[in-house]
Amino acid sequence: MLQNNPVYPVIWRNNFVSLIDQTRLPYEYSYVEIHRSEDMAQAIKTMIVRGAPAIGVAAAYGMYLGAREIETSDRHKFLKALEQVAQMLRETRPTAVNLFWAISRMLKTAYESIGTVEEIRKTLLETAKTINAEDLQTCHKIGDNGLKALPETPEKLTLLTHCNAGALATAGYGTALGIVRSAFREGRLEKVFADETRPRLQGAKLTTWECVQEGIPVTLITDSMAAHCMKQNMIDAVVVGADRIAANGDAANKIGTYSLALVAKAHNVPFFVAAPLSTVDFSLADGSEIPIEERNPKEIYQVGETIIAPEGIDYYNPSFDVTPAELIAAIITEEGVFAPGDLKKYQNKQMA
């Protein structure tokens, strides 16, 4: 038990990366040591580390580990080998744009660095540490900005979240769960309802675990109970994270998010997406262009060691779905709260 201690899923420790093994939670709290870029790629692929911002941080360190493994002092050969490391990491999780953003930033750092290969390596490590620290600061800002967007009610708020967009999914504190944390800290939270989030149960296993660590009142429900809870006026707002957001505000998040947004719309419950601006992919006009990862069907037909479906049937296991912008009340970022259609205005402002 980590009662009241912050959770940091990705930590640099002198000469290796330490990852909380999220596949073992909530039964076992343990760390995995990552010394090689190939091991980091495997950790991302098998979801030892997961959540778009956390994947980005992990990939940044993976790039440094790969750079450390390249045995040459020739700059051209080094950069060519580093591109191969980047490609290996890109192929781990296709939907989470933070992965690609972090890799691109690390490559840009390498190409723009002046000096020896060893000096480039040092710069890459410092850049990875900076990405890590920036994401933690970003999450705190998202949490505080989210407080301004939440409904003003005479009583404390009851929020609903889906999957895990907490400390475990980021460098710490969380995006959607960061808003929950900020509301709890300011005395505005009555409780949070956590969807179990089939098929991998990140809500049941991870979100509830995080809440228990900090004494945040949490109630677990199955995904199919959300509509009933809203009909009974038990939910004031829904807050979820995102793995990629298109330029028009369409947001890809864990499978089941779209149906939750439809239910919220039907019951006039505001639906918020919380994510860093690095999650916005301005190269994509809308959500139809977001690649959707399909995972092993074993996640559907097996729970633990128990097979729950008969042989001889087909399976379909998309890991994400896309919520249309018109169902989203606001997108909460470190730079403020945006209507989905206003994201392009922010891009234009940054480019000016």
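Predicted model: local features only at pLDDT ≥ 70, side-chain atom pairs only at ≥ 80, totals over all residues.
At least two lining residues come from each of helix 2 (52-69) and strand 9 (251-254). Helix 2 gives the most to the lining of the largest cavity, with 3 residues. Sorted by class, the lining of the largest cavity holds 12 nonpolar, 8 polar and 4 charged residues.

Rolling a probe the size of a water molecule over the atoms shows where empty space is left. In the whole structure, the search finds 2 cavities of 30 Å³ or more. The second largest cavity has a volume of about 40 Å³. Its lining consists of Pro 199, Arg 200, Gln 202, Lys 254, Ile 255, Glu 299, Asn 317, Pro 318 and Ser 319. These lining residues of the second largest cavity divide into 3 nonpolar, 3 polar and 3 charged.

The volume of the largest pocket is about 650 Å³. A set of 22 residues lines this pocket, and Arg 200, Lys 205, Glu 299, Gln 302 and Gly 304 lie nearest its centre. Two or more lining residues are given by each of helix 7 (202-214), helix 10 (298-301) and strand 12 (302-303). Helix 7 gives the most to the lining of the largest pocket, with 3 residues. By class, the pocket lining has 7 nonpolar, 7 polar and 8 charged residues. Arg 200 and Glu 299, which are among the residues nearest the centre of the largest pocket, also belong to the lining of the second largest cavity.

The packing of helices was considered next. Two packed helices are described by the angle between their axes and the distance between the axes. For helix 1 (residues 37-45) and helix 3 (residues 75-90), the axes come within 9 Å and cross at roughly 20 degrees. Angles under 35 degrees count as roughly parallel, so helix 1 is roughly parallel to helix 3. The crossing of helix 1 past helix 3 is right-handed. On the side of helix 1, the contact involves Ser 37, Glu 38, Met 40, Ala 41 and Ile 44, and these meet Val 85, Met 88 and Leu 89 in helix 3. The contact of helix 1 with helix 3 comprises 6 nonpolar, 1 polar and 1 charged residues.

By class, the contact of helix 5 with helix 6 has 4 nonpolar, 4 polar and 2 charged residues.

The crossing of helix 4 and helix 5 is right-handed. Helix 4 makes the contact through Trp 101, Ala 102, Arg 105, Met 106, Thr 109 and Ala 110, while helix 5 contributes Ile 120, Thr 123, Leu 124, Thr 127, Ala 128, Thr 130, Ile 131 and Glu 134. The contact of helix 4 with helix 5 has 8 nonpolar, 4 polar and 2 charged residues.

The backbone was also examined. Most residues other than glycine have a negative phi, and most peptide bonds are trans. A cis peptide bond joins Leu 25 and Pro 26, with omega about 5 degrees. Pro 26 is placed in the loop between strand 2 (16-20) and strand 3 (31-34). Arg 198 and Pro 199 are likewise joined by a cis peptide bond, with omega about 5 degrees. Pro 199 sits in the loop between strand 5 (189-195) and helix 7, and it is one of the residues that line the second largest cavity. Met 47, a residue other than glycine, has a positive phi near 70 degrees. Met 47 is found in the loop between helix 1 and helix 2.

Definitions and conventions
Residues numbered from 1 in each chain as written. Heavy atoms only, no water. Axes fitted to C-alpha atoms, helices over the stretch in contact; angles between N-to-C directions. Helix = DSSP H or I, 4+ residues; strand = E, 2+ residues; numbered from the N terminus. Parallel < 35°, antiparallel > 145°, perpendicular 65-115°, else oblique. Left-handed = near helix turned anticlockwise from the far one by under 90°. Contact = heavy atoms within 4.5 Å. Nonpolar A, V, L, I, M, F, W, Y, C, P; charged D, E, K, R; others polar. 1 Å grid on protein atoms, 1.4 Å probe; cavity = no way out; pocket = protein on both sides within 12 Å on 5 of 7 lines; lining within 4 Å. Points joined across faces, edges and corners; volume = space filled by probe spheres on them.
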